[in-house]
Amino acid sequence: MTAPAELLPLLSLSAEPMVAFAAAGDRWRVTAANGPALRLLAVPDTPALEAVLATLAEQSLGRALRSALEAAAEGASAEWPATLVCSGEPVALRVAAAPAPAGQRVARLRDARPSARAAQPGGRDPLTEVLSRRRLVARLEQAVKGAQQGQAVGLVALDLARFGRINDSLGPSAGDALLVTVGRRLTRLVGDAGSVGRLDGDAFAVLLPHLPDGAPGAADALVAWGRRIQARLAEPFAVESHTLALDTHVGLALAPDDARTGRELLRLAEAALAQARRTGVGGGLRLASPLTGHDARARFELETGLRRALAGEEAFYLAFQPQVDREGAVVAFEVLARWRPRDAVDIPPGDFIQLAEEAGLIDALTRRVIDLATAQVAEWTAAGLSGFRVSVNASPSELHRPDFADHFLATCAAAGAPPERFELEVTESAVLRDPAATRRTLATLAAAGVRVALDDFGTGHSSLANLRRLPLHTLKIDRSFVVGVPEDRDNAAICRAVVALGHGLGLEVVAEGVEDVAQRAWLAGLGCDLFQGFGLGRPMTAADAAAWLAARRA
């Protein structure tokens, strides 16, 4: 007899020794066990475990197991003391059992030694040997309280997509082996830059206590770490003669920007992780914001306000961030949405765009931005302000609508804005959802003179085959890869590769997130064509952008 499939994830996700039993006449048969149980009893597999327990039937552990299993059948939940001799030393255990599917029982063997209880709050996870959750929380509290001026504390929470399938198909021992390897990889990757802990099950966390403070530096550095962790865990794992490929979901949070205590930082990172899970099967990444984990009433009020803004009842406007070439000439402005609720300060775009996605308003937001952008370009064109293009972002769902290209061109015509003055930015993930539909839409727009840019290149599952077939003009290096260059050798190597790839395909390459002259000079040395970032020009209102441009051209 084997354990029911729904029971296996429970066993594998527990860090404590757990054994599943089924009644067989007047005795209990072992049907499954997790890795900690096999290691506790020094056996390689379930049959060997059953043989060992048979020899212990009349000893302390055997009697405690029998009592716990029989009590569980009657609905009791007490613990029974037991002693097990390990390596010549007696180990005190507490044994309890609970009902399980298909009439089975699950027994838990808890280490009852005082030293184990004392070590648990400040110790290590018994399976992976990274920090336990309690120890990680303690370090979080210490890091947030002790953060020096000019530094931020970052937390990366992550879990493994489809981990349950691995347990179901390969068994709990393979799942345990995979978790151990994940912990080791994370530890080697992080090194002295931070600490690695296991939150529970297949969820881990990485504490980064020394990030540069201030926006957008800390956020960019944390996102770069999130991407780096995803890339490292995407490399194949060899587990029990199997080669496994993993995707990870990642949630990110910052202190003191998002949280003032370690527990609050962990709560936000886990809430962002939950949002990342909802973005797809794997590879999702979310940065926590003030909206993350908001209570239902507050979110409802914000959503209502966003609906008013999209209907024109509240201040919803555009900001424009310049892109410059190697000589400093302005080649383009990227359109960035801004929302100022009634009697309030601006809501950061990362917050309300996330809210729009979750509330099903992202298509309406995209169309509102297009309406405002085409009207502004028409105004600038009529005023003789030209010689640059305007770059607009398209949501994935809007991009895949069959009428999107026709709607975009019709909006340009109605506003009197030439299509050739626009560039449409699309993301890798949007392209990969429906490559054929995306190609048709972009081909229609390109034929009308609209340029096409691939945004956030390298942050998704890059498909060079799809990249080659798209009517692209521009490739944008994601800001998470620009952080720290040229000192960050990994990011520097990625930038070199993207520039070489873009130029090899005949594309213009834009570097996002450029913060200073040294970064710009180094990227220009690679052959990067255009540059965008706070170090070159912050987002401006339309009036400020026109005045700023006129001053540069004077």
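Author: Asn 34 counts as buried, because its relative accessibility is 0% (buried means under 20% relative accessible area, exposed over 50%, partly exposed in between, with a 1.4 Å probe and protein chains only). This is a predicted model, in which local features need pLDDT of at least 70 and side-chain atom pairs count only at pLDDT 80 or more, while totals for chains, interfaces and linings use all residues. Residues are numbered from 1 along each chain as its sequence is written, and side-chain values use heavy atoms, with hydrogens and water left out.

Asn 34 sits in the loop between strand S2 (27-33) and helix H2 (35-40); helices (H or I, at least four residues) and strands (E, at least two) are DSSP runs, numbered from the N terminus. Its side chain reaches the backbone nitrogen of Met 18 at 3.0 Å. A polar atom of the Asn 34 side chain also lies 3.1 Å from the backbone nitrogen of Ala 37.

Now the cores. A nonpolar core is a set of buried Ala, Val, Leu, Ile, Met, Phe, Trp, Tyr and Cys residues joined through side-chain atoms within 4.5 Å. The largest one has 73 residues, and Phe 316, Phe 320 and Val 390 are among those that touch the most other members. Helix H13 (residues 362-382) gives the largest share of this core, eight residues. Another core, of 37 residues, lies apart from it and includes Ile 166 and Leu 252.

Last, the cysteines. The structure holds zero disulfides (a disulfide is a pair of cysteine sulfur atoms within 2.5 Å). Cys 528 is buried, because its relative accessibility is 0%. The closest cysteine sulfur to that of Cys 528 is in Cys 495, 7.8 Å away, so it is too far for a bond.

Technical notes. Polar contact = N/O pair within 3.5 Å; in protein donor to acceptor, adjacent residues only side chain to side chain.
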